Amino acid sequence: MSAQTSWTVAGVREALASKKVSAKELASEFYVRIEKRNPELNAYLTLSPERAYEQAARIDAAVSRGEALPVLAGVPIAVKDVISTTGIRTTCGSKILENYVPPYDATTVERLERAGAVILGKTNCDEFAMGSSNENSAYGPVRNPVATDRVPGGSSGGSAAVVAAGLAVASLGTDTGGSIRQPGSFCGIPGLMPTYGRVSRYGLVAFASSLDKIGPFTGNIADTAAVLGAIAGHDPNDSTSAAVPVENYLAEIEKPAKGMRIGVPEDYFGEGLDPEVKEKVQAGIALLESLGCQRIPLQMPHTDYAIAAYYIIATAEASSNLARYDGVRYGLRVPGSTLIDMYRKTRERGFGPEVKRRIMLGTYALSSGYYDAYYLRAQKVRALIARDFSDAFQKVDAILTPTAPTPAFRIGEKSSDPLQMYLADIYTVTGSLAGVPGISVPCGKTKAGLPVGMQIFGPHFREGSVLRLARAFENAGGFTI
Amino acid sequence: MKISREEVLRVAELAHLELSPEEIDTYRGQLDEILSYIDKLKELEVTGVEPMAQVNFHSDAPQVAESHPELREDVLRRCDVADAVLARATDAEKPFFRVPKVIER
């Protein structure tokens, strides 16, 4: 048994190939750690040891036959509980799906296992991925492993926490308005939102279909590249996944960052930004300049309208997508005297407060008499925000911003004020609306020891250059600046 | 207030949510605050802007978009999932889901 505490994708492969550890031993080592730490963090909702050990046995057999090992061979991975897994309960952090066991795997899960990954279990999240703190889970909040009185961010809080706490080597999260990048920032690890259409969503429980993306949390950028490479690419089962060739990310990250043009939009450094976060991110940008990147000031004039547009579009789509939870085919059913009565009672009891609030807002925005004023107008503003990005990418290769205006806040600090919680998504929702890729990378810590995140956006389908910059930043010590 | 109690009730009915009286008051206050914030969208001039409903994958390659590479052939495939699907329902009798009477409202 290994004494190693911090594993990487490459480290796992090497240890397996040289027979220092077996995939089975490694999985069991992670389950021991989970058993110790998860009761406090509440980051895993369901563990899947049977499936994990079956996969580990397949990997160990391949090792003993001397076969070439796939890229994620034996790597213990966690999956956010909005992504379907055959035979493993998938709750979406909601009471309405408390006992739901999907009959099929999401394409991302299938691809991870085909690449050799060992899926340890499913992670806690805000209900139906709606939230920025993980406090909206029906199964209780997740604690930030860096500071356990604080939130891990959301909605993929569990997926971020397990990687930051060493309870998985990597994990999948989902990002609709910042739900991978912001928890990555709060927990001090890289979290990547790929381009809209880069990764198949077949088997992802839908929240806002024009915005939802699946992406990885990892401990380092080489691992981000490895996991993204395993899950990216067109899927015949998802017509919203793009038939655009997948770059070789592990090769891309080896290229130097020198000469890259990095755009810095002043609109992201104004009022509301915590001074310590600002200082760290500016130091991060200066570090990239010292590596030979060319800094270019940018204006992205519609940034200030992104939250308003996002919360109309995302809730409108959610109100439609969540209409399926009616007690008829799967999930909770509360008996009623008529069909409508059954729908209403089921949804009243099954959904939590934030989900109901968003369904109400979205239904209102789409309802007769308000459609033009809210939904249609929000879609037009979305086009203006997307234009800010396409204009910027005429001049730069990447855009650098803070990921979130503050470090992780305390559990309970913002949960009573929904609008204040929404406003904290200001720097992430812009890229979500434009559909561009974005990563949050660690960028030092505040004096109180809380992680700060720097966000890097790139043009559509250019995850390679985003990761290349992220890797150069990591190699230059930017993560601990 | 931007949103009346009657409107909250109407929206809840459209969304099939049976809200308690406390929830109605809470949501009314919160939706009012959120909608007041969202009013800032009205500051922008959007005449002539095409609404954006979806990210266009092939915006820089119209010839690719034209060939619809994401779509597969429309051919029948075997799909033996009825038992697995019905097994997840609270009340089913193959090949049906059973629900309460629908004729009363």
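User: Which residue in the turn between E10(A) and E11(A) has a positive phi?

Analyst: Helices (H or I, at least four residues) and strands (E, at least two) are DSSP runs, numbered from the N terminus. Here E10(A) and E11(A) form a hairpin with five residues between them, and Gly449(A) in the turn has a positive phi of about 85°. The model is predicted, so local features need pLDDT of at least 70 and side-chain atom pairs count only at pLDDT 80 or more, while totals for chains, interfaces and linings use all residues. Residues are numbered from 1 along each chain as its sequence is written, with chains lettered from A and ligands numbered from 1 in the order in which they are written.

User: How many bridges pair E10(A) with E11(A)?

Analyst: Two strands pair if DSSP finds at least two bridges between them. Strand E11 (residues 451-457) of chain A pairs with E10(A) in the antiparallel sense over six bridges; Ser440(A) has Gln455(A) in E11(A) as its bridge partner. E10(A) is also joined to strand E5 (residues 191-193) of chain A, by three bridges and again antiparallel. There, Leu192(A) stands opposite Ile439(A) of E10(A).

User: Is strand E10 of chain A mostly covered or mostly uncovered?

Analyst: A residue is buried if 20 or more other C-beta atoms, placed from the backbone, lie within 10 Å of its own, exposed if 12 or fewer, and partly exposed in between. Strand E10 (residues 438-445) is mostly covered, with seven of its eight residues buried.

User: Why does Ser171(A) count as buried?

Analyst: Ser171(A), found in strand E4 (residues 170-175) of chain A, counts as buried because it has 31 C-beta neighbours inside 10 Å. Two residues are in contact if their C-beta atoms lie within 7 Å. Beyond four places in sequence, the contacts of Ser171(A) include Ile77(A), Thr123(A) and Phe217(A).

User: How many residues of helix H12 of chain A are buried?

Analyst: Twelve of the 14 residues of H12(A) are buried, among them Arg357(A) and Tyr364(A). The cover includes helix H10 (306-321) of chain A and helix H1 (5-14) of chain B.

User: How many residues of chain A are in contact with chain B?

Analyst: In this model, 56 residues of chain A are in contact with 43 residues of chain B. H13(A) gives the largest share of the chain A side, eleven residues. That side divides into 31 nonpolar, 14 polar and eleven charged residues; Ala, Val, Leu, Ile, Met, Phe, Trp, Tyr, Cys and Pro count as nonpolar, Asp, Glu, Lys and Arg as charged, and the others, Gly among them, as polar.
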